[in-house]
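Biologist: I would like to go through this model term by term. For each word you use, tell me the rule behind it.

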Amino acid sequence: MNLVRNISVLGLVGAALLAGVGCSSAAVDDSDDGDQTTGAATPGQNDIVFEQVKTCDNLFKDRAAFRDADLQEGVLRWKCGDVDGVSISKCEDNLALLAAEEAKGNVTQERRAALSECGNGYGQEYCEYNAVSKGNVVNGVKTAAALKDSDVVQCVFTSVQSDFEGKLGDTEKFADDLAAKIKPQLVAAERVPEGRVAAMKQGVNSRGAADTLINDCANLAPDTKLAKDAERQVQCYNAWSKTSSPAEKAKLESKCKGVDLSSDANWAAVGISPTALTDADSDLAACTMVLKAKHGGVSWRNSDPTICARSYRAAHECNVNFKQIGTVAPTFPGFSMQGWTNRDTLPTGCKYATLDSAPYANVVICTAGAQDVKNYRTQKKPLQTLCRDKFGVNVAMQAPIGALANLSAAKEETPFCKAFVAGAKHAQSPAPSGKQ
Amino acid sequence: MSSLGKRLGLALALATAAATAVACGGPVDEDGESGGEAISGDDSTFYGNDRVGAILKGHPELIPASFDQYEKVFKVGRECARKDSKEIFVVEESQTRLAGPRELHEVTQTKLMPRAVISGCNTGDLSDPTTVKNSYGLFAALISDPNMNDSPKGDTMRMWPLEVIALDNTTGLYNFYVFEPAEFPNDPEGVLPEGTKGRVTRVYRSIETRKDKAGFGQFNVFEKRLEAGKAVTAEAQPIGGGNRCFNCHVNGAPLMNEMQDPWTNWVSFKKTLPSAQMSGPTQKLVSEAVPNASVGTSSLANDLEPIMRSAIQNYVFGTTRTNGWANTTLAGGLPGGISHMLESVFCETELNYASASQSLPLELFVDKDAAGPSSITPPPSFGDDKTPFQLPIRSTRDKETESWLIQKKFLSAPTAMAVRLLDDENDIFSPARCNLLPEITKDLGNDPSKVDEKIRTVLTAKLASLPFATTQPKRAAYIKSLLTVGIRREVAQREYLDELTKRFEAAPKTDAAVKVKEKFRKARAREKFNTRSTPLPILDAK
């Protein structure tokens with residue numbers, strides 16, 4: 001199993017599938033302009049600490065209002081909606097073709113192969129989402145073109161991790177079983193949706209990947225050289241951010257960008273007075289460790305830098321280490337989903353799927369507005385993009401990282417550590433009954 | 001000063017008050033054109049088929065005099081039964097939006113003056129997207145006034161006159177109302193005495209049918225008034241024949257200038273604590289917007305955004321084949337007809353504003369719709385960068401109008417794209433596009449197929465003289481293919497997008513370059529809109 005959240009590279013798809021793409025012989029209606037071309041599906045990976053501080057600063061500003069509350073509860077939150085620069089994967093074309101072929105024979109193996117290529121598109125944040133109508137996945141422009149105006153489109157978000165087997169002992173069977181249970185909850189579903197609608201399929205969205213990232217980042221804690229470089233990079237960034245002079249900005253970049261500031265000589269050359277790091281600065285420094293994680297962390301995601309920042313800082317500053325998710329909660333299916341603005345309220349139009357008569361926090365069903373669907377179809381925008389734009393940006397992922405913390409040797413000498421330990425204890429206390 | 005004099009004084013001060021969502025100006029002229037003259041003994045035709053009428057029709061005793069009373073009567077604001085939000089959305093600017101001596105929308109900086117938009121309280125099943133109508137079916141707006149008695153202590157919000165818009169279930173349009181005390185209070189800057197009776201003014205557009213009046217046969221703005229114990233006043237024009245609410249709501253739609261991240265000046269998850277020192281009712285209202293962990297409530301701008309987007313979309317499209325703004329305008333029930341609707345495609349009738357957040361607004365470099373299927377992503381923005389700040393961009397309402405025209409086949413999607421490509425680096429303020437409008441709308445009827453044909457004909461005639469034909473050949477070729485019916489265009493589109501991407505990548509993205517574009521757009525916005533349309537926010541960062 002690939003536990004590493006590296007950027008997957010879109011491989012070659014089968015020749016037979018390719019032959020089908022773009023060769024439709026359907027008559028051209030002027031209102032149907034054929035396919036839209038799509039560009040790169042994910043942004044490029046950054047490996048420069050100074051640049052990562054910038055990305056992390058934006059990331060933290062986006063949740064400044066919730067940071068303290070989340071810390072006190074021992075959780076981390078980030079947006080399910082993918083960042084700018086992520087778009088629909090080309091694999092959707094191939095999956096659509098397979099769906100059309102399904103009636104003629106078993107295409108399970110081909111679908112597995114096609115799904116493995118989807119890792120370079122939407123669904124980078126430990127949640128995946130699909131536009132569904134009548135039980136069919138209608139993510140792409142082509143599949144959406146076949147819809148009628150009266151067809152209801154729903155966006156189904158899942159955070160069931162791709163390696164979760166449940167009681168069935170098999171990821172695929174679990175996903176299919178869950179999809180069957182969700183079918184009656186979808187509007188006018190004529191078939192059981194594909195398993196990927198109910199449970200994630202990408203290796204990057206696995207429990208193993210989360211465990212690896214948390215521990216890789218925590219394991220960086222003893223490296224004082226890395227810490228010193230990160231802290232000085234943050235100070236350099238602060239100076240860069242404050243100055244409005246392009247010349248001064250350029251000078252600071254030339255002295256810091258790609259330069260190892262753990263070297264006292266390099267640091268002296270920057271020419272700024274060292275200052276004590278604020279709490280926010282320490283978060284920023286910790287966040288850059290995502291670039292140093294042994295098995296790789298992805299710089300531009302909402303999730304990886306968020307998770308890495310907290311696990312590294314807790315380990316580095318508070319002497320905390322982390323247990324595996326499976327050790328603490330063997331039946332944990334994935335990070336729960338909540339509202340971004342108000343954790344108790346999902347975005348308007350959304351509800352939790354129901355499982356065993358209780359809301360299931362790992363599957364959220366959102367009903368798209370009919371006019372929004374029409375607009376996206378008219379503009380030839382993928383409906384998976386609609387799911388991201390209209391709902392994904394307001395759905396929050398919540399990771400109970402405090403529940404994984406081993407506090408046996410924890411130090412509480414700093415305000416952060418006090419808050420982290422208190423939050424972890426809160427997260428480790430028995431949960432009240434509620435969402436599964 | 002007589003109560004009439006005071007009311008007129010306040011009216012002048014508020015006459016152009018421009019709050020977000022609703023802006024109708026101040027109290028009504030007692031002695032307007034024919035105000036005060038009773039013509040009817042009942043209110044059966046006074047209200048529209050909306051939430052205001054549903055409560056107040058036949059119950060003049062319930063007419064609120066101020067926001068506090070309005071909350072109780074309509075169960076909104078602090079009286080909203082919703083558990084997670086009272087739907088009180090707050091924006092803080094260092095301006096009052098009161099009238100200025102020279103400008104329609106004075107932007108003189110003051111201390112922070114919170115304003116609020118209060119939507120209609122959605123107590124329905126939030127998992128049903130159609131229940132959002134409960135929110136956008138009723139909006140109220142509050143502004144601040146530095147002359148309020150407790151303003152020095154931070155209680156700046158004026159509880160009356162209260163401006164309200166309510167969605168009419170029959171027409172699909174918003175009805176505009178102003179609530180205020182029936183008797184002008186002795187202390188207009190203080191708290192109203194308990195039990196103060198209210199009166200309501202309805203402001204609307206209608207054809208002028210009186211031959212002796214200016215604008216005969218054209219649309220004028222009228223108002224009529226109602227209070228308990230008196231009959232409805234006769235239809236009258238507002239003071240000076242002004243447009244009142246329609247000064248700002250030129251298209252009659254709700255407004256939210258900063259309708260995207262970072263929702264500049266609004267209380268949002270990026271700006272939760274008001275920096276102003278507040279007290280009294282102002283403080284209480286503002287605290288409803290800010291996340292409150294103990295009771296679990298918040299009303300953040302990022303939650304108002306989808307409400308506003310739904311409101312504007314519903315307003316343009318309507319709910320039947322005959323109602324809503326687009327159908328009504330096309331049928332002659334609102335001013336402008338198809339020519340005005342095409343102004344949304346070729347020019348701009350309203351604006352929205354975008355600021356640097358995690359990225360620069362893409363509109364600085366390319367038209368978003370033109371670049372849609374490309375891999376172009378907005379350049380990142382970091383730190384405390386405020387460049388650009390409040391950059392005027394194409395409005396959501398204009399885009400919805402274009403979508404309506406496409407879906408009703410007045411425009412084909414390829415033709416609409418060809419129009420965008422005429423100036424694919426400027427989504428607004430484009431002479432290349434806007435200057436074509438007179439030629440296109442000349443003798444243009446309402447036959448959908450003829451509209452698209454006329455646009456294609458005019459654009460096709462310009463193909464040979466496109467100024468970028470040699471420097472950007474793929475763009476020219478793609479426009480040509482878009483204007484040619486019945487062909488596939490994948491290759492032309494791909495080649496164009498490659499060309500556009502290269503142009504985007506080569507475009508300077510320094511603060512200096514961005515500021516030049518920002519300055520240009522703001523100058524155009526001031527020229528075109530400061531006396532006419534969407535109220536300008538403060539356009540410069542502090």
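Biologist: At what angle do helix H2 and helix H14 of chain A pack, and how far apart are their axes?

Modeller: This is a predicted model, where local features need pLDDT of at least 70, side-chain atom pairs count only at pLDDT 80 or more, and totals for chains, interfaces and linings use all residues. Residues are numbered from 1 along each chain as its sequence is written, chains are lettered from A and ligands numbered from 1 in the order in which they are written, and side-chain values use heavy atoms, with hydrogens and water left out. H2(A), residues 49-61, and H14(A), residues 303-318, pack at about 95 degrees with axes 10 Å apart. Here H2(A) is roughly perpendicular to H14(A), because angles of 65 to 115 degrees get that name, while those under 35 count as roughly parallel, those over 145 as roughly antiparallel and the rest as oblique. The axes are lines fitted to C-alpha atoms, for helices over the stretch in contact, and angles run from 0 to 180 degrees between N-to-C directions.

Biologist: What makes a stretch a helix or a strand?

Modeller: Helices (H or I, at least four residues) and strands (E, at least two) are DSSP runs, numbered from the N terminus. Chain A has 19 helices and 10 strands.

Biologist: Which residues of H2(A) and H14(A) meet?

Modeller: A:Gln52, A:Cys56, A:Leu59 and A:Phe60 in H2(A) meet A:Pro305, A:Thr306 and A:Ala309 in H14(A). Contact means heavy atoms within 4.5 Å. In chain A, 78% of the contacts with a separation of 6 or more come from residues 24 or more positions apart.

Biologist: Which strands pair with S4(B), and in what sense?

Modeller: Two strands pair if DSSP finds at least two bridges between them. Strand S3 of chain B (residues 113-119) is joined to S4(B) by 4 bridges and runs antiparallel to it. Strand S5 of chain B (residues 157-167) pairs with S4(B) over 6 bridges, also antiparallel. B:Ala116 has B:Leu142 of S4(B) as its bridge partner, and B:Ala140 stands opposite B:Val164 in S5(B).

Biologist: What is the peptide bond from B:Trp160 to B:Pro161, cis or trans?

Modeller: The bond is cis, with omega near -5 degrees. B:Pro161 is found in S5(B).

Biologist: How do you know whether B:Glu87 is buried or exposed?

Modeller: The relative accessible area of B:Glu87 is 0%, so this residue is buried. Its phi is near 55 degrees, a positive value in a residue other than glycine. B:Glu87 sits in the loop between helix H3 (67-74) and strand S2 (88-93) of chain B. A:Asp356 also has a positive phi, near 50 degrees, but A:Asp356 is exposed, at 67% relative accessible area.

Biologist: What makes A:Asp93 and A:Lys90 a salt bridge?

Modeller: A salt bridge is a side-chain nitrogen of Lys or Arg within 4 Å of a carboxyl oxygen of Asp or Glu. The closest N and O atoms of A:Asp93 and A:Lys90 are 3.9 Å apart, so the pair meets the rule. A:Asp93 is partly exposed at 22%, and A:Lys90 is partly exposed at 40%. By this rule the count over all chains is 62.

Biologist: How exposed or buried are A:Arg301 and A:Asp304?

Modeller: These two side chains meet in a salt bridge at 3.2 Å, N to O. A:Arg301 counts as buried at 1% relative accessibility, and A:Asp304 counts as buried at 0%.

Biologist: What does the salt bridge of B:Arg397 and B:Glu350 tie together?

Modeller: The closest N and O atoms of B:Arg397 and B:Glu350 are 3.4 Å apart. B:Arg397 lies in helix H11 (residues 396-407) of chain B and B:Glu350 in the loop between helix H9 (337-346) and strand S10 (351-354) of chain B, so the pair ties together parts that are 47 residues apart in sequence. B:Arg397 and B:Glu350 are buried.

Conventions
Buried means under 20% relative accessible area, exposed over 50%, partly exposed in between (1.4 Å probe, protein chains only).
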